[in-house]
Amino acid sequence: MTISYATDSEKFLLSVRSTDLHVSPEQFDRLCFDNPELRLELTANGELIIMAPTFGESGEKNLNLGSQVYAWNYRTELGKTFDSSTGYDFISIGGGKMSPDVSWIEKSRIDGISLKQFIPVVPDFVIELRSTTDRLSALQTKMLEYQRLGVKLGLLINPQDLQVEVYLLDKETEVLQNPTSFSCEMVLPGFNLDLTRIMI
């Protein structure tokens, strides 16, 4: 099984027959530019990940999570918050090009960085929300990669199993069973993530 490319009016188009494909960072950028309707990621070893759209329930929960982080940051002005369509470029530090569902970067770490491109800064905080189309093992691998790259706090929220996996930098993963909230104080001062409408 392969994925074929075709040039049409100088565009680099993707014809999907399998998700097992490796591309260069340059090819990835071209694919993103020429196929804006697709949600793509690139792993550290060059594997192209094609992400399916979420169903309505996951979309609503993801907006809830992002809105909470955004509202806290709007009040505190401590950094910048980004949604699931935001791309990060970790190629220069041995990573890939990834898109967390929710991410946040402390203000001083992003000053002077152009946001008119994939962000070349490792976020301080990320959330991944498991949707019904996501394999848990794939998300866990992604969270470990965030941790390896230097993300200070990552949350893998798994409503299907009523669990939240907590990935703190240089710490073992902690699994919480059916929490109603989680304090992110260690990275986001004064922020408590409300999970009452997520873990259902």
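**View 1. Helix H4 in the lining of the largest pocket.** Helix H4 contributes six residues to the lining of the largest pocket, which is the largest share. The model shown here and in the other views is predicted. Besides helix H4 (136–149), at least two lining residues each come from strand S3 (39–42), strand S4 (48–51), helix H2 (56–76) and strand S9 (125–129).

**View 2. Volume and centre of the largest pocket.** The space in the largest pocket amounts to about 930 Å³. Its lining comprises 34 residues, of which Glu41, Ile49, Met51, Asp134 and Ala138 are the closest to the pocket centre. Sorted by class, the lining consists of 12 nonpolar, 13 polar and nine charged residues.

**View 3. The second largest pocket.** A volume of about 250 Å³ is found for the second largest pocket. Among its 16 lining residues, those closest to the centre are Cys32, Leu38, Arg39, Leu40 and Ser85. Helix H1 (25–34), S3 and strand S7 (97–98) are the elements that provide two or more residues to this lining. The lining of the second largest pocket contains nine nonpolar, five polar and two charged residues.

View 4. Phe28, Leu31 and Asp34 are the buried residues of H1. Viewed down the helix axis, these buried residues lie within an arc of 140 degrees and therefore line one face of H1. In an α-helix, residues three or four places apart point the same way, because there are 3.6 residues a turn. Glu26 and Phe33 are exposed residues on the face of H1 that is turned away from its buried side.

Conventions
Residues numbered from 1 in each chain as written. Predicted model: local features only at pLDDT ≥ 70, side-chain atom pairs only at ≥ 80, totals over all residues. Heavy atoms only, no water. 1 Å grid on protein atoms, 1.4 Å probe; cavity = no way out; pocket = protein on both sides within 12 Å on 5 of 7 lines; lining within 4 Å. Points joined across faces, edges and corners; volume = space filled by probe spheres on them. Helix = DSSP H or I, 4+ residues; strand = E, 2+ residues; numbered from the N terminus. Nonpolar A, V, L, I, M, F, W, Y, C, P; charged D, E, K, R; others polar. Buried < 20%, exposed > 50% of the residue type's maximum accessible area, 1.4 Å probe, protein only. Arc of directions from axis to C-beta.
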